[in-house]
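My entries follow the order in which I checked them.

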Amino acid sequence: MEREAVVRTADLTMRYGAKAALDGLTLTAAAGITAVLGPNGAGKTTTVEICEGYRRQDSGTVRVLGLDPYREGRELRPRIGVMLQSGGIYPGARAEEMLRHVAGLHAHPLDVGALVERLGLGGCGRTPYRRLSGGQRQRLALAMAVVGRPELVFLDEPTAGLDPQARHATWDLVRELRADGVSALLTTHFMDEAEQLADDVAIIDAGRVIAQGSPEQLCRGGAENSLRFTGRPALDVGSLLKALPPDSTAAETTPGGYRVTGTVDPQLLATVTSWCAQHGVLPERISVERHTLEDVFLELTGKELRA
């Protein structure tokens, strides 16, 4: 069943002086979790700020939960949650005090006490915002974004600066929100975060979406996956190749080391192990090497540093 779209943009353009931040960006985010990836300056933040209603595009259209976030912001805002990287909180406000204030603005908020404990904020609930650590501020921003039970939450680098325990607690919370029917559009520089959380990934560069799909689809679309095994040297690779599907290759890359490429799935693995058994070969080691999301990202956006 096709998932309903919660965000749709078409041909968005946005310029800052002579610089084009967005250059005809078209993006569809379905219900669930969509991760937006891109190098610095690719247009991620501008895209999200337009979707949140904080900026107005120069041209193009955007709909969030079916509404124009700029013209219909008053109707949209109660239905979304926004996590900002910084700002928006009075420096003297206490952490739990601020969270309870935000919860009070919503009809059916999450339990504040449980959320505080879940995100490890219990020990700093009475601490003024200006005295919180970077990680504590990040967790408070996440709590403020989700406490109102939004239909859609925008998460901007949700685990930046967090230690591994807090990072995994954040992942668990996002998964629970998805299970409760909450959708999320998140930006992140962590490829493993996108692979762990996202139903779909959109890669943005130079103000355009250059690739989109599930993590599995994107990884299949890159360099071929491969299966490697070791055995005695000089096996009959030609015989192995005949047993494999037509789109496969097989080669002895080092003496006794073999590499099979193609569509690496359970059937291919079974074919290779069956061939080994028929030819009296006991593989000493067999492994599957898959293209990662980071591999795809670097192939599409390049490896040079961005300002």
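Which residue forms a salt bridge with Arg 63, and how far apart are the closest N and O atoms? I looked this up first. The partner is Asp 68, and the closest N and O atoms lie 3.7 Å apart. I note here that the model is predicted.

**Entry: the Arg 63 group**

I checked accessibility on both sides of the pair. Arg 63 has 33% relative accessibility and counts as partly exposed. Asp 68 is buried, at 9% relative accessible area. The cut-off for buried is under 20%, so the 9% of Asp 68 falls within it. I then looked for further partners. Arg 71 joins Arg 63 and Asp 68 in a network of salt bridges.

**Entry: the total**

I asked how many salt bridges the structure holds. The count is 13. I followed up two others from that set, below.

**Entry: Arg 167 and Asp 192**

I looked at the N to O distance for this pair. The side chains of Arg 167 and Asp 192 meet in a salt bridge at 2.7 Å. Is Arg 167 buried or exposed? I found Arg 167 buried, with a relative accessible area of 15%. Asp 192 counts as partly exposed, at 34% relative accessibility.

**Entry: Arg 178 and Asp 199**

I stayed with helix H6, where Arg 178 also lies. Arg 178 forms a salt bridge with Asp 199, and their closest N and O atoms are 3.2 Å apart. Asp 199 is in the loop between H7 and strand E8 (200-205). The two residues are 21 apart, and the pair links distant parts of the chain. I checked accessibility again. Arg 178 is partly exposed, with a relative accessible area of 27%. Asp 199 is partly exposed too, at 26% relative accessibility.

Side chains of opposite charge can pair when their charged atoms come close.

**Entry: Thr 271**

I turned to a residue in another helix. Where is Thr 271 placed? I found Thr 271 in helix H10, which spans residues 266-278. Its relative accessibility is 18%, and Thr 271 counts as buried. Which residues does Thr 271 contact, leaving aside neighbours within four places in sequence? I noted Ala 243 and Leu 244.

Definitions and conventions
Residues numbered from 1 in each chain as written. Predicted model: local features only at pLDDT ≥ 70, side-chain atom pairs only at ≥ 80, totals over all residues. Heavy atoms only, no water. Salt bridge = Lys/Arg side-chain N within 4 Å of Asp/Glu carboxyl O. Buried < 20%, exposed > 50% of the residue type's maximum accessible area, 1.4 Å probe, protein only. Helix = DSSP H or I, 4+ residues; strand = E, 2+ residues; numbered from the N terminus. Contact = heavy atoms within 4.5 Å.
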